[in-house]
Amino acid sequence: MIDQVYVGALTLDLLLGDVRSLKQKRSVVRPIIAEVRKHFPGVAVSETGDNDLYRRAEIGIAVVSGTAANCTQVLDQCERLVFGRPEIELLSARQRLFNDED
């Protein structure tokens, strides 16, 4: 039985490389989202902001766990995975942790 439920949220602000249209942006962002889903099937991941800007993207990742440590560990691994992509520059990463008392 789980005593606590934790929700971890990670927001990544990305600067895309040589992208000159929204179509090119999608061709960069979709593989990143697919790779996160492939490596971490238990997380939710989506483009969550900067939809009208073609050189910027915001990606949101969420995970639910019974421990805060597991949430943090999974989000750290997701951040490292995205950070390792050579075609983007990670401008900022913001992690938040919520529990059922928040």
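**Exercise 1.** Which residue in strand 3 does Gly49 stand opposite?

*Solution.* A friendly reminder before we start: this is a predicted model. Begin with the two strands involved: strand 2 covers residues 44-49 and strand 3 covers residues 56-65. They run antiparallel and are joined by five bridges. Next, find Gly49 and look across to strand 3, where Glu58 is its opposite number. Another facing pair can be found here too: Ser46 stands opposite Gly60 of strand 3.

**Exercise 2.** Find how many residues lie between strand 2 and strand 3 in their hairpin.

*Solution.* Follow the chain from strand 2 into the turn and on to strand 3: six residues separate the two. While you are in the turn, stop at Asp50, which has a positive phi of about 55°.

**Exercise 3.** Work out the order of the strands in the sheet, and what packs on it.

*Solution.* The sheet is open and has four strands, in the order 2-3-1-4, with antiparallel pairing. Strand 2 and strand 4 are the edge strands, each pairing on one side only. From one strand to the next, the twist averages 20°.

**Exercise 4.** Decide whether Gly84 is buried or exposed.

*Solution.* First locate Gly84: this residue sits in the loop between helix 2 (68-83) and strand 4 (88-99). Its relative accessibility is 57%. Exposed means over 50%, so Gly84 counts as exposed. Finally, compare positions: Gly84 and Gln24 are 60 residues apart along the chain, and 20 Å separates their C-alpha atoms.

Notes:
Residues are numbered from 1 along each chain as its sequence is written. This is a predicted model: local features need pLDDT of at least 70, side-chain atom pairs count only at pLDDT 80 or more; totals for chains, interfaces and linings use all residues. Side-chain values use heavy atoms; hydrogens and water are left out. Two strands pair if DSSP finds at least two bridges between them. Buried means under 20% relative accessible area, exposed over 50%, partly exposed in between (1.4 Å probe, protein chains only). Axes are lines fitted to C-alpha atoms, for helices over the stretch in contact, and angles run from 0 to 180 degrees between N-to-C directions.
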